[in-house]
Amino acid sequence: MSSTELPFVPPANVLPKVGTVRVAEGERLRSVELPGVTLTVRSRPAAREGLPPALYVHGLGGSSQNWSALMPLLEDAVDSEALDLPGFGDSPPPDDGDYSVTGHARAVIRYLDASGRGPAHLFGNSLGGAIATRVAAVRPDLVRTLTLVSPALPEIRVQRSAVPTGLLAVPGVAPLFTRLTRAWTPEQRVRGVMALCYGDPGRVTPEGFRNAVQEMERRLKLPYFWDAMARSARGIVNAYTLGGQHGLWRQAERVLAPTLLVYGGRDQLVGFRMAQRAARAFRDSRLVTLPDAGHVAMMEYPETVATAFRELLADAGELGTERTRRAESAAQDGPEPESTDESMGG
């Protein structure tokens, strides 16, 4: 094998079980087998039956746990599920080794089709934002609304701080990086990731840091960890170079669903300057900018993102059922207190 080739990854059915994935209180994990891919799905029971479905898609190197702070804040508005993309979290690699944006989008579409949960409120962060954009463009029947947190859409001038992540896409870099960082502890790796992804890493609680370290320890034991990272990074780079109708910006223009865009002013991976371009590209969009947030606003400021999503639902007429229920409850129990929600800037 040449030094530029990625290592062979054994089939999913012979991969070792390396540790238990953390499940927060109130969450459930299950495995779903689909043609060519097996997905782990994290769910949180809705406050009541009949709420519309929501599906959350994480970014490069992330997992469904990235949405654990946001999901409970929306349990009275949507029925939440979050995927571990193939090769990430607790999902094994795809059978065909396809980690392209299109390959990941195909897995999301297969799940929505098989589960019968579409049309869903679709969320995506970073790589997940690019995936969700492609899903919404090619299968509008599956998407009610689209919420994108720092979506990885093509940039002409990539931020300098994002270059090392992009270099993972270069053949041979992932194995080299693995060798060069062999002595790094899981704690050092987590601190590096948090410094890159958070606007203020100090917002991470001690418990949150410990959980992240445990997850990093688990992932580093997976034989396909760096392979999935490198191939997915290459998938993003390749998606950036596509033109014509398959280009992500062209597909953004085709999205019909009402769209919420969330950008962080301290994002080191997706340029804050891209926020206005995105707002122009998505035809029915609202933009929320968070000056102190980094790349993962749904983890840093989940309450703010939840409020913005509720406003999206209200503007899209998706809160009619909830309003009717509240009106009926008010008629029986007396008037509700006035709302103290403030409108969001953006």
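Is Arg310 buried, partly exposed or exposed? In this predicted model, Arg310 comes out as partly exposed, because its relative accessibility is 24% and the buried class stops at values under 20%. Its salt-bridge partner is Asp76, with the closest N and O atoms 2.5 Å apart. That pair links distant parts of the chain: Asp76 sits in the loop between strand S3 (53-57) and strand S4 (79-84), while Arg310 belongs to helix H11 (residues 302-315), 234 residues apart. Asp76 also counts as partly exposed, at 25% relative accessibility.

Opposite charges on side chains can pair up when the charged atoms come close. Counted over the model, that gives 16 salt bridges. One of them joins Arg106 to Asp98, where the closest N and O atoms are 3.4 Å apart. Here Arg106 is partly exposed, with a relative accessible area of 33%, and Asp98 is partly exposed as well, at 23%.

Then there is Asp292, whose side chain meets that of Arg266 in a salt bridge (3.6 Å, N to O). Asp292 lies in the loop between strand S8 (285-290) and helix H10 (297-300), and Arg266 in the loop between strand S7 (259-264) and helix H9 (274-281), so this contact ties together parts that are 26 residues apart in sequence. Asp292 has a relative accessible area of 41% and is partly exposed; for Arg266 the value is 41%, again partly exposed. Elsewhere, salt bridges with shared partners connect Arg30, Asp79, Glu81 and Arg117 into one network.

Methods. Residues numbered from 1 in each chain as written. Predicted model: local features only at pLDDT ≥ 70, side-chain atom pairs only at ≥ 80, totals over all residues. Heavy atoms only, no water. Salt bridge = Lys/Arg side-chain N within 4 Å of Asp/Glu carboxyl O. Helix = DSSP H or I, 4+ residues; strand = E, 2+ residues; numbered from the N terminus. Buried < 20%, exposed > 50% of the residue type's maximum accessible area, 1.4 Å probe, protein only.
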